[in-house]
Amino acid sequence: MEAARKALAVVAVLGAGAGVGSILFALVTPGELQKQLMLQEMPERDSRRRDEAVRTKELVMATLKDAAATKENVAWRRNWTVRGNGRQVSMTPELAHGRGNL
């Protein structure tokens, strides 16, 4: 009888904890309108940010292509805008002046 009473008390405590957790989760979770506003404010929705990300990926891929085509250790290259063959990598003005992210 004592074991059943303890088991019932444990189930009641766990159930109460789950109930409180569910209520807190419902209170903290944003509503549908708030979700739409958050999605609109995401950086991926900004066309300048998307263009910058595409350009960054292009620069990374060009560097990887250069690394595959040469025996030079491109990781130790001081100037990342100059390829292994000495040619300058074309950059956007923001990246050339250090205002963009590489």
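Predicted model: local features only at pLDDT ≥ 70, side-chain atom pairs only at ≥ 80, totals over all residues.
Visitor: What is the pLDDT of the chain, and where is confidence lowest and highest?

Guide: The chain averages a pLDDT (the predictor's confidence in each residue, from 0 to 100) of 77, and 68% of the residues score at least 70. Confidence is lowest in helix H4 (residues 93-96), with a mean of 53, and highest in H1, at 88.

Visitor: Which elements does the chain have?

Guide: There are four helices and zero strands, in the order α-α-α-α from the N terminus. Helices (H or I, at least four residues) and strands (E, at least two) are DSSP runs, numbered from the N terminus.

Visitor: How do you know that the span of helix H3 agrees with its number of residues?

Guide: The expected span is 1.5 Å times one less than the number of residues. For the 23 residues of helix H3 (residues 47-69) this gives 33 Å, and the end C-alpha atoms are 33 Å apart, so the two agree.

Visitor: Why is Arg-55 called buried?

Guide: Buried means under 20% relative accessible area, exposed over 50%, and partly exposed in between (1.4 Å probe, protein chains only). Arg-55 has 16% relative accessibility and therefore counts as buried. Also buried in H3 are Thr-56, Leu-59, Ala-62, Thr-63 and Asp-66. Of the 102 residues of the chain, 12% count as buried.

Visitor: What makes the pair Glu-58 and Arg-55 a salt bridge?

Guide: A salt bridge is a side-chain nitrogen of Lys or Arg within 4 Å of a carboxyl oxygen of Asp or Glu. The closest N and O atoms of Glu-58 and Arg-55 are 3.1 Å apart, which meets the cut-off. A search of the whole structure finds one salt bridge. Glu-58 and Arg-55 are about one helical turn apart because three residues separate their positions in helix H3. Glu-58, at 43% relative accessibility, counts as partly exposed.

Visitor: Why is Val-28 called exposed?

Guide: Val-28 lies in helix H1 (residues 2-28), and its relative accessibility is 67%, so Val-28 counts as exposed. Together with Val-20, Ile-23, Leu-24 and Leu-27, Val-28 makes a nonpolar surface patch of about 540 Å².

Visitor: Is Pro-30 buried, partly exposed or exposed, and which residues does Pro-30 touch?

Guide: Pro-30 is in the loop between H1 and helix H2 (32-40). Its relative accessible area is 30%, so Pro-30 is partly exposed. Not counting residues up to four places away in sequence, Pro-30 touches Lys-35 and Met-38, where contact means heavy atoms within 4.5 Å.

Key:
Residues numbered from 1 in each chain as written. Heavy atoms only, no water. Patch = residues over 30% accessible without salt bridge, like charges linked within 9 Å, V, L, I, M, F, W, Y side chains within 5 Å. Areas by Shrake-Rupley, 256 points an atom, 1.4 Å probe, with all protein chains shown as cover.
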